[in-house]
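Dear colleague,

Please find below the structure that I am handing over to you. My findings are set out after it.

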Amino acid sequence: MNCEEVQAFFVEARASDRPLPEDILEHLLSCERCGAQAGVNGAEWELPSALHGRILGDLANSLDPVDALPSRTKLVLRTAFIFVLLPLLIVSVLGPVEPLLPIPQLTCLASVIAGSEIFLALALVSLMVPGCRPRIPPKLLIGLCILANSAVIVMLFPQGKTEALEIGTRCFVTGCLAAVPAATLLYLFARRGAILDRATAGTVVGLLAGLVGLTVLLANCNNLGAGHLAVWHIGVLLTVSTLGLSFGALSISRT
Amino acid sequence: VPVLSIIVMWAGRRGWAPTRKTASSDNTGAAQSLHYSYAHVAPWSASSRSKPILCYRLAKSHAEPKFCCTSWKPKLLGRVTRAVVVCHVAALQVRGFVSSTVQTDGSSRSKNDGELHELMLRYQAADLSAADELVRRLSPLLFRFLRSPQWIQAWNEDVLQDCWLQVHRARHTFRPGYPVLPWIFAIARHTRRDWYRRRCRIESREVPLQTAGSQYGFLAHSSTQDARLQPLLAVLPPSQRQVVVMLKISEMTLEEVAHATSSSVGSVKQRAYRAYRKLKEVFGAAASSEQGNSVSLADEL
């Protein structure tokens, strides 16, 4: 067994309590480089004093007392203010369009949006804390939320004729503009944590902001066509989440 | 929950909702038939916790004779009931989701992790000795986790230092009651990934020093000669020293130096002339007192 095969074994192997295979162990004991890497030949690495001094110097430069992040429930409740107060504020500024959507449809759509917001807020909070693994993977949750909102619109509303472009554009622009302050607030909120997976966090922030835009459109659009809702309202969701993904990926490339 | 709610909504649109059924005079029978039809559409409702709520609401909605099936009220009430059931189930799910992901206390932690936990809390309270102890204890673990055979030792140590910086910046995200090692290794994993990306980017854009040294003469100078030159050039102001180094050591042309220093050729000439004059004054005075290598080097310059 050569070094490459041993490397491949360690790359493919998962952590387990089982002992190493005989041939691997034999190679590790005979090869100094692989043995040192696996830490089996007694070549225990010790922290050099110069490096230790450098690290401590870095830490001591800005060693101030810090308050730990609040609990996850409190953080999620804080995001709820963004989802509730911001749409109310924007709708009060824009003014609701009469007549509104029918109450049952409005209720169902609002329920799905609220559920998506809660689950996405939980995912965002888990992304803010290193080593905190959420029950539902955030990437799966992003897909599920987009799918659920699209499916509810398609199934709940009648298929209408294609609307004029300017009506759809007006809804799209309104939704995107409503998403801007939400995205800003959510970005400031997410900065309180330590975001490690920035692309996913950017997408989640974008999706949450898009949901705020969608909530504003619930009160600001009385068009019941499923085509209009699926294209222009879900378009807000997709556009803002794509922008969030782009910003997240851009911040990764700048590190 | 979204999928189930979609099924219910879809069933409602198809006309299978319980409010569309004919209500009988017997309230119990109506409730049973309604529940049967509802369960037929959405079998999950028959076994879920929402069943009593659903039965109660539907029975109540048909308890009074004025609520007939053609009225808008039963329809509305049925839809509201469905929305309430969906929200209730969603709330249960969310509650279970939160409680299942929040860890309660550190009772199951090992003794080692308990000590690390205490050190981490002291580190958050700006205790430098705790930070020192954490660095001593965890650096070997982190170094073994972070190092890569493709990287030289200095890079591996730089990754470790960068990892500790990231830990320092994110120390407020550690919450009491949670284990330390998963938190710190999550940061280390992303630090290693960022470093790998950075190395790939640098290697794709930079020219190795061995290749560059053949193109630019100043990089091929020996370190001993540099060590002798530095104190000699220290008498010059930075702008003049920069011009001398570029012209005489790096062997750049006047135009190249002007471009590199964002100045005109005339300005470069002027700075070079002043630098030569100052060097001549300094080393001319020194030459009268001592004859040494420095003078010969100054003459060479």
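The notes below cover the contact between the chains and then the salt bridges.

Please bear in mind that this is a predicted model.

In the interface, 60 residues of chain A are in contact with 57 residues of chain B. The area buried between chain A and chain B is about 5100 Å², and carbon and sulfur atoms give 67% of that area. Of the area that chain A buries against chain B, A:Trp45, A:Leu63 and A:Met155 supply 13%, more than any other three residues.

Between the two chains, 11 residue pairs are in polar contact. Several helices of chain A each supply at least two residues of the side that touches chain B, among them helix H4 (49-61) and helix H10 (226-253). H6(A) gives the most to this side, with nine residues. By residue class, the side of chain A that touches chain B divides into 37 nonpolar, 13 polar and 10 charged residues.

Within chain B, B:Glu133 forms a salt bridge with B:Arg137 at 3.2 Å between the closest N and O atoms. These two residues are separated by about one helical turn, because B:Glu133 and B:Arg137 are four residues apart in helix H7 (residues 128-146) of chain B. B:Glu133 is partly exposed, at 31% relative accessible area, and B:Arg137 is also partly exposed, at 32%. B:Glu115, B:Glu133 and B:Arg137 are linked in a network of salt bridges.

Yours sincerely

Key: Residues are numbered from 1 along each chain as its sequence is written. Chains are lettered from A and ligands numbered from 1 in the order in which they are written. This is a predicted model: local features need pLDDT of at least 70, side-chain atom pairs count only at pLDDT 80 or more; totals for chains, interfaces and linings use all residues. Side-chain values use heavy atoms; hydrogens and water are left out. Contact means heavy atoms within 4.5 Å. Buried area is the accessible area (1.4 Å probe) that two parts lose on being put together, summed over both. A polar contact is a pair of N or O atoms within 3.5 Å; within protein, one must be able to donate a hydrogen and the other to accept it, and residues adjacent in sequence count only if both atoms are side-chain atoms. Ala, Val, Leu, Ile, Met, Phe, Trp, Tyr, Cys and Pro count as nonpolar, Asp, Glu, Lys and Arg as charged, and the others, Gly among them, as polar. A salt bridge is a side-chain nitrogen of Lys or Arg within 4 Å of a carboxyl oxygen of Asp or Glu. Buried means under 20% relative accessible area, exposed over 50%, partly exposed in between (1.4 Å probe, protein chains only).
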